[in-house]
Amino acid sequence: MTLSELIGKTERRLRAARLHYGHGTDNPRDEAAFLVLRGLGLPFDADLRQSADPSRVEPLVQKRIRSRTPAAYLLNEAWLSGLAFYVDRRVIIPRSHIAELLPGALEPWLARPPARILDLCTGSGCLAILAARAFPLALVDASDLSAAALAVAKRNVLHYKLQDRVKPVKSDLFGSLGEKRYDLILTNPPYVTSSAMRRLPAEYRHEPGLALAAGKEGLDVVARILAGASRHLSRGGVLVCELGDGRRAVERAYPGLPFVWRKDQVFIAGRDALASAARTGASPRTRSTPAGASR
């Protein structure tokens with residue numbers, strides 16, 4: 001059997017199983033190629049005419065179908081912006097739109113290349129690593145409430161030999177950062193509403209709930225970030241925050257604040273706007289909860 005034939009056969013099995021996608025792929029064809037090629041230790045541009053041993057990937061395919069485990073967990077590998085990251089169930093699988101903004105798309109909001117960067121809710125450390133590579137002179141703090149997630153982040157930082165510039169920090173948002181200030185804060189925090197959590201497909205239930213759940217409106221963590229970010233931004237500093245489909249909830253809770261939205265999922269706000277948000281406060285429907293590990 002050739003690689004092409006094995007991928008095609010796997011695709012048909014995945015399609016028949018009616019799986020859910022969204023952890024690096026969005027269709028059964030790409031998922032099959034990911035499972036087969038990386039399960040065999042091959043690059044994505046491998047010659048598909050070469051022969052393949054189906055028995056080597058069969059356990060992966062069976063587990064993907066039977067347990068609905070995302071392929072990234074089965075392979076302990078996720079890709080973002082062309083880089084591979086180690087992942088396991090201690091962190092959610094990287095899939096942040098913020099990666100698309102580094103570095104060029106942020107230039108209109110940054111007066112100069114950032115010297116200090118904070119990645120809040122770092123999870124696997126993917127955004128911290130991408131930021132360090134995008135801004136090669138910057139020092140990056142990668143913070144997370146979860147010690148387990150930070151162990152994964154540290155592993156990825158060491159893999160990319162960035163341990164001199166990227167520092168994993170255990171912190172519930174800004175709680176352990178003291179008076180530190182940053183030119184750029186990135187965050188892809190928990191933002192899934194309570195009702196959406198109850199409807200999550202089986203694949204997403206393999207991910208740590210702490211990294212997803214954010215209360216009734218999905219703003220429990222974001223409200224705390226908005227309340228504290230201005231105190232940790234330098235003059236001219238900006239916050240870049242991903243919220244999934246939470247734009248309407250944020251705009252209801254903070255009417256009139258000048259957030260700049262990218263693709264309706266990521267907003268960018270400067271220190272002055274965030275100081276106004278902190279003074280305004282959020283809707284009383286939001287409440288304070290610990291922030292979990294993120295993407």
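Student: Which residues is Leu239 in contact with, leaving aside its neighbours within four places in sequence?
Tutor: Leu239 is in contact with Ile185, Thr187, Ile225, Leu226, Ala229, Leu233, Phe267, Ile268, Ala269 and Leu274. Contact here means heavy atoms within 4.5 Å.

Student: Before we go on, what kind of model is this?
Tutor: This is a predicted model: local features need pLDDT of at least 70, side-chain atom pairs count only at pLDDT 80 or more, and totals for chains, interfaces and linings use all residues. Residues are numbered from 1 along each chain as its sequence is written, and side-chain values use heavy atoms, with hydrogens and water left out.

Student: Back to the core. Which residues touch the most other members of the largest nonpolar core?
Tutor: Leu239, Phe259 and Phe267 do, in a core of 37 residues. A nonpolar core is a set of buried Ala, Val, Leu, Ile, Met, Phe, Trp, Tyr and Cys residues joined through side-chain atoms within 4.5 Å. Buried means under 20% relative accessible area, exposed over 50%, and partly exposed in between, using a 1.4 Å probe and protein chains only.

Student: Which elements give two or more residues to this core?
Tutor: They are strand 3, strand 6 (182-187), helix 8 (220-228), strand 7 (233-242), helix 9 (247-253) and strand 9 (266-270). Helix 8 gives the largest share, five residues. Helices (H or I, at least four residues) and strands (E, at least two) are DSSP runs, numbered from the N terminus.

Student: What lies apart from that core?
Tutor: Another core, of 31 residues, with Ala99, Leu127, Leu186 and Ile268 among them.

Student: In what sense do strand 3 and strand 4 pair?
Tutor: Parallel, over five bridges, with strand 3 covering residues 116-120. Arg116 has Leu139 in strand 4 as its bridge partner.

Student: Why is strand 6 called largely enclosed?
Tutor: Because five of its six residues are buried. Strand 4 is mostly covered too, with five of its six residues buried.

Student: What unit do strand 3, helix 5 and strand 4 make?
Tutor: A right-handed β-α-β unit. Right-handed means that, with the strands pointing away from the viewer, the path from the first strand over the helix to the second runs clockwise. Helix 5 (residues 126-134) is largely enclosed by the rest of the structure, because seven of its nine residues are buried. Those buried residues are Cys126, Leu127, Ala128, Ile129, Leu130, Ala131 and Ala132.

Student: How does strand 4 pair with strand 5?
Tutor: In the parallel sense, over five bridges. Asp141 stands opposite Lys167 in strand 5. The chain crosses from strand 4 through helix 6 to strand 5, and this β-α-β crossover is right-handed.

Student: Where is Leu145?
Tutor: Leu145 is in the loop between strand 4 (139-144) and helix 6 (147-159). Its relative accessible area is 22%, so Leu145 counts as partly exposed. The C-alpha atoms of Leu145 and Cys121 are separated by 7.2 Å, although the two are 24 residues apart along the chain.

Student: Is Cys121 buried or exposed?
Tutor: Buried, because its relative accessibility is 4%. Cys126 has 0% relative accessibility, so Cys126 counts as buried.

Key:
Pairing = 2+ DSSP bridges.
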